[in-house]
Structure formats: structure tokens, C-alpha cells
Amino acid sequence: MASVNSLATVPAAAAAAGSSSARPGSITPSHSVPAHAQPIPPSPPPPAGAIPLGGAVAPPGSQAIWAARLVDLLNLVRHEFDVIGNDAVHFKAQRDELEHRIAQQYNEVTLMQEHIYELEKRHFEIVAHYEDEIKHLRARLDSRSNANSVPDGPPVLPPRSHAPLTPATDAPLPAMAEAYERDPRERSPPVAEAAWPPSKRAKTTQAPVPPELPRTTRDEREPKQIDEDVHAPAKAMPMVERSASTSQPREGQAAAPADAPAVPAAESEPAQEIKKEGTDWVVVYNPHMQPSLDIDLVHSFSHDSVVCCVRFSPDGKLLATGCNRSAHIYDIDTGAKVCVLRDEPPAIPGDLYIRSVCFSPCGKFLATGAEDRQIRIWDLAEKQIKKVLTGHKQEIYSLAYSSDGKMLASGSGDKTVRLWDAETGETLHVLYTSPGLNYGPGVTTVALSPDGRLVAAGALDTFVRLWDTRTGKLRCRLKGHKDSIYSVSFMPDGQSLVSGSLDKTLRLWGLTSVIKVLDTMDDEVSNASLNAVTFTGHKDYVLSVSCSMDGRWIASGSKDRCVEFWEPKTGQTQLVLQGHKNSVIATCMSQTRQLLATGSGDFNARIWSYKEK
């Protein structure tokens with residue numbers, strides 16, 4: 001306000017100066033002075049201390065103009081300040097509302113997570129309840145069917161000599177067994193796959209295990225009791241003696257002579273074990289083949305998440321498993337956990353699964369491939385990371401060391417297979433599934449041949465590709481599967497390869513013609529005659545395959561929760577093992593001992609022994 005007063009004194013001073021120069025006596029009378037020349041009335045003297053600006057004299061109207069202009073500017077500043085203040089208040093209210101909504105949604109997600117955990121807990125409780133109930137009902141049905149097998153006369157053993165266990169001749173079943181087959185709760189229980197009744201499990205496989213396996217009698221399921229009856233004296237077995245007057249032949253069955261001696265049913269055909277049960281697992285044998293393997297559970301290892309991969313050490317003493325954010329190593333003999341390898345990557349939220357683990361041939365290192373696109377080489381003695389291999393642009397799904405330990409192969413969803421120098425970590429070759437194209441199938445599995453000359457890769461486009469590891473040249477594309485390939489494994493002799501696919505089959509490929517052209521400049525080999533055997537029997541996706549150390553057996557794991565043992569030469573199933581309550585994601589057969597490791601979505605890894613009978 002002091003500046004406004006100073007401006008107001010400028011015209012006042014000018015007016016005072018004009019009035020001081022005019023004398024009253026020197027003014028011409030008013031009647032002789034024109035109207036426009038009349039003197040300006042004197043102005044009051046300026047206040048003390050008023051100083052004109054530059055000595056200039058402002059016109060009388062300037063004071064009001066300056067004052068109005070200044071007031072307008074002040075009002076404009078005040079208005080802008082009010083607008084900014086209102087915006088700040090509005091933005092603060094919006095921020096508070098967003099924070100409140102975020103907190104509310106976070107609480108809702110937490111409640112949903114707790115609810116899901118509770119539902120999962122209740123699900124497992126229901127599964128256990130149905131397991132017990134179904135086993136109890138099956139025992140009752142077995143006892144009743146055994147009691148009602150012959151309505152008239154004393155009970156007799158089924159005449160195996162005239163009615164072998166085949167779908168065509170096993171039609172005359174006891175009444176209670178037929179009722180059991182018609183029971184809707186048994187045909188489609190709410191948790192049929194999670195329950196473990198042996199007869200129901202047999203229905204999860206196709207040929208050669210027929211669906212009629214669940215309808216076998218109790219005597220067939222208890223071979224030991226049959227053997228005891230067979231070797232008992234004849235007088236202790238009145239149940240197997242039939243006279244011509246009381247025994248009637250079945251329809252379509254020739255009648256025995258009246259003087260023919262009574263022959264126990266088990267004498268004409270030796271009792272054949274068709275299944276073996278454990279506490280929570282069962283083995284069903286192929287009735288069309290002589291059982292030659294005995295399966296037992298050795299160890300079961302519980303994890304906190306899905307077990308994505310399993311791998312034995314070269315000396316057969318350790319087992320490595322991969323799960324969420326960690327790899328676990330176990331002692332096979334004692335079942336003790338040796339160590340847990342966990343690398344905490346910086347600021348990666350959510351899950352980070354270890355998709356593949358692989359021991360170096362010397363057994364001193366373990367390679368792990370994860371969803372963060374890195375390969376970590378662990379020193380097992382120090383339990384520390386020795387080196388990290390980077391280069392892949394998507395998740396790493398499979399790893400394989402060469403037999404001499406000098407090379408490491410990796411397969412990734414980025415459509416490439418990379419070959420690494422295991423010592424230096426340098427990239428030797430980058431092998432593309434679709435060279436020169438921006439698109440192509442991701443790689444799901446890799447394997448190196450025993451001599452290290454070939455690397456095989458299964459991909460999402462139904463092809464198995466084979467490259468020369470020295471030159472990086474594509475040597476062959478094996479076509480035959482009708483869906484994505486999730487696992488490949490070389491046979492121990494290196495002359496053939498096994499692949500497992502989402503088309504529910506396995507295929508055995510002969511590689512002799514491919515191996516012959518490795519050192520030549522020939523083009524890619526056609527695969528028209530390379531498919532030697534096709535294995536069918538799984539009810540769902542085949543997720544993993546593995547070969548035994550002597551090449552006599554192939555084990556496959558599937559989404560149908562089964563592991564099947566196959567004979568490579570015939571393509572026949574030897575047995576079906578059901579020991580998991582979720583998909584069997586990984587299988588690995590030891591190359592030094594008769595052991596099989598399995599990893600599953602039920603958070604468990606298991607070691608099984610298989611022995612020749």
C-alpha cells in the first residue's frame with residue numbers, strides 16, 4: 001500500500017506546483033478569460049515524504065488506472081491460488097480413495113486365498129474319506145460276490161482251465177460283481193482319480209490291460225491262498241470235486257467225463273499275480289504277459305510345491321529335485337535331505353520354479369534351469385553358485401550334460417537350444433527351431449546322445465529335431481507325433497531315441513541312418529522309416545520318459561497319474577504303477593541301480609525299486 005500512496009502523490013505534487021506559480025492579482029477577470037482557459041483549482045498539498053517518479057507529472061486519471069490495474073492483478077493471483085488449492089484438495093481426495101480401494105482389494109484377495117486354502121484342505125479330507133469308504137465297500141462287495149458265486153451247492157473255485165482271464169470268456173460274473181459295476185458312485189465318484197481303489201485304477205489304462213481287471217474274484221487277487229489250497233490233500237478240498245450228477249457245465253462249455261478225476265482249478269493254469277498293493281500305491285500287471293518285475297516304494301519326499309524335475313547323480317547315491325525357488329538333494333540310501341540350494345533373485349514376485357536339474361558327470365556340480373531365464377551351476381561341496389549362464393530370453397525347461405562333462409545343452413521357450421562350454425560358460429552354438437523366422441515352436445526338452453555327437457530337442461510343433469553338436473547343423477526332424485512333445489531320452493546304446501507327447505503316446509526312433517551321415521555333407525535325413533515302435537496305453541498327456549541302464553525298460557509318466565513300464569522291443573506294457581495323486585511330471589531311471597524316481601503335482605517325489613523276478 002505504500003507504493004500506491006507514492007503514486008497518488010505524483011499528480012498532487014504537480015497540482016501544487018501549478019497553484020504556487022499563479023498569483024491572485026495576476027489572473028484576468030473571469031469575464032475576459034475563455035472557459036477553456038480557466039485555471040485549475042488548487043489541489044491539497046502532497047503528504048510529507050512523497051517523491052515524484054522520475055520527476056514526471058502523471059495525468060489526473062492515471063492514479064485510478066494504476067490502482068485498478070493493481071487490484072485486478074492481485075485478484076487474479078488470489079483466484080489462481082484458490083484454483084490450485086482446490087485442485088490439491090481434489091487430488092488428495094482421489095489419492096485417499098484409490099488407497100482405500102487398493103487396501104480393500106488386497107483384503108479381498110487375501111480372503112480369497114485363505115478360502116482357496118480352506119477348500120484345498122477340505123478337498124484332501126474328502127479324498128481321504130472317499131478312499132476309506134470305497135475300500136470298505138469294495139471289501140464288502142468282494143466278500144458277497146465270493147459268497148454268491150455258486151447259488152446251489154458248496155462253493156467252488158472258478159474253473160480256470162475252461163475260463164481264462166480274458167474279456168471274451170470272463171462274462172459270467174457273480175451277481176454282486178455285476179451290481180458293483182453298475183454302482184453309479186463307483187463308476188463316477190467325485191474324486192475318482194484321487195482315490196486309490198486298485199480295481200478302479202486298472203481302468204486308467206488302455207490295452208493291453210483290459211478294463212475287466214477289476215472284476216477278478218477274490219481268489220485271483222489272493223494267489224497265496226490259492227497255492228495253499230492247491231497243494232492241500234484232496235480230502236481237504238471237497239469244494240473242487242464235482243460229480244456228474246450235481247455239476248452242470250456252463251453254456252458253451254464241454255462237459256467232463258463222469259469218471260474224470262476232480263482237478264483243482266489252479267492246477268490247469270498257474271496262479272498269476274495281476275496286482276500288488278502298498279499303503280497308498282498299487283501296481284497292476286499286464287495279464288497277457290508273464291510278470292517279470294517287482295516294484296516297491298523306497299522313499300517318499302514331501303515338498304512345499306509342485307515337483308517339476310528329478311535327476312539321479314551319476315554314482316547313483318543322490319537324488320536332486322526341483323520345485324518353487326529351490327532345488328533339494330537327498331541321500332538315496334538313508335532318505336535324508338542333504339541340502340537345499342536356493343538363490344534369492346532380486347525383486348522377482350510370485351513363483352519361480354526350477355524346471356530342470358542335472359548333475360555333472362563328475363558329480364561335483366549341479367546345473368539348474370529356472371523361469372528367470374538363467375542357468376546356475378552350483379558347487380555341491382560349498383553349496384554356492386559357481387557361475388551363472390545367461391542368454392536365453394524365456395524360461396528354461398530342460399538341461400543335459402554331455403558324458404564327458406565338457407558341454408551343457410539347454411532348451412528354452414525362446415525357440416532355441418543352446419550348447420555351452422561347461423568349463424568357461426561360453427556359448428558354443430545357438431540352434432533355432434525355425435531359423436530366419438520371427439516365430440517358431442518353443443523347446444520343451446533336450447537330451448544329448450551318449451557319445452555327445454547329437455543333441456535332440458522336442459518342441460511344441462510335434463517334431464523331434466536332431467543337430468550335430470560339432471557343426472550345429474540340423475541333421476533330422478522326426479515327424480510322427482500328433483501333438484506337442486514334452487520329453488525325449490536316448491537309449492543307452494545311442495542308436496535309438498524315445499519321445500513322449502501330448503498325443504498320449506510314446507515313440508521309439510531308430511537313428512542308425514542319422515548317425516551314418518554325421519561326418520558327411522549330406523542334407524537332412526528323412527524320417528520316413530525311423531519310427532520303430534509306437535507305445536499306446538496312457539489315458540492322458542505323456543509328460544516324461546526315461547530309459548533303464550540296460551535298455552530293457554522304458555518308464556513314462558503321464559497326466560493320468562500313472563507310470564508305465566514298457567518293453568522297447570515289443571511295445572507292450574509290463575505294468576502300470578499308480579503312486580501319485582496328481583500328474584507325474586518327471587521320471588528318471590538310475591543308470592547305476594535299479595531305481596526309478598518320480599516327481600508329481602501332488603508335491604511329492606518318490607523313489608521306487610524295480611527288480612527282476
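Visitor: In what order do the strands of the open four-stranded sheet lie?

Guide: In this predicted model, local features need pLDDT of at least 70 and side-chain atom pairs count only at pLDDT 80 or more, whereas totals for chains, interfaces and linings use all residues. Residues are numbered from 1 along each chain as its sequence is written, and side-chain values use heavy atoms, with hydrogens and water left out. Strands are DSSP runs (E, at least two residues) numbered from the N terminus, and two of them pair if DSSP finds at least two bridges between them. The pairing in this open sheet is antiparallel, and the order is β8-β9-β10-β11.

Visitor: Which strands are the edge strands of this sheet?

Guide: An edge strand here pairs on one side only. That applies to β8 (354–359) and β11 (384–390).

Visitor: Which residue is the bridge partner of F365?

Guide: Strand β9 (residues 365–370) pairs with strand β10 (residues 374–379) in the antiparallel sense, over five bridges. In β10, the partner of F365 is D379.

Visitor: Is W608 buried or exposed?

Guide: W608 belongs to strand β30 (residues 604–612). Buried means under 20% relative accessible area, exposed over 50%, and partly exposed in between (1.4 Å probe, protein chains only). Because its relative accessible area is 1%, W608 is buried.

Visitor: What is the length of the polar contact that joins the side chains of W608 and T598?

Guide: Contact means heavy atoms within 4.5 Å, and the residues that W608 touches include W281, L297 and T598. A polar contact is a pair of N or O atoms within 3.5 Å; within protein, one must be able to donate a hydrogen and the other to accept it, and residues adjacent in sequence count only if both atoms are side-chain atoms. Between the side chains of W608 and T598, the value is 3.1 Å.

How values were computed. Lists of a residue's contacts leave out its neighbours within four places in sequence.
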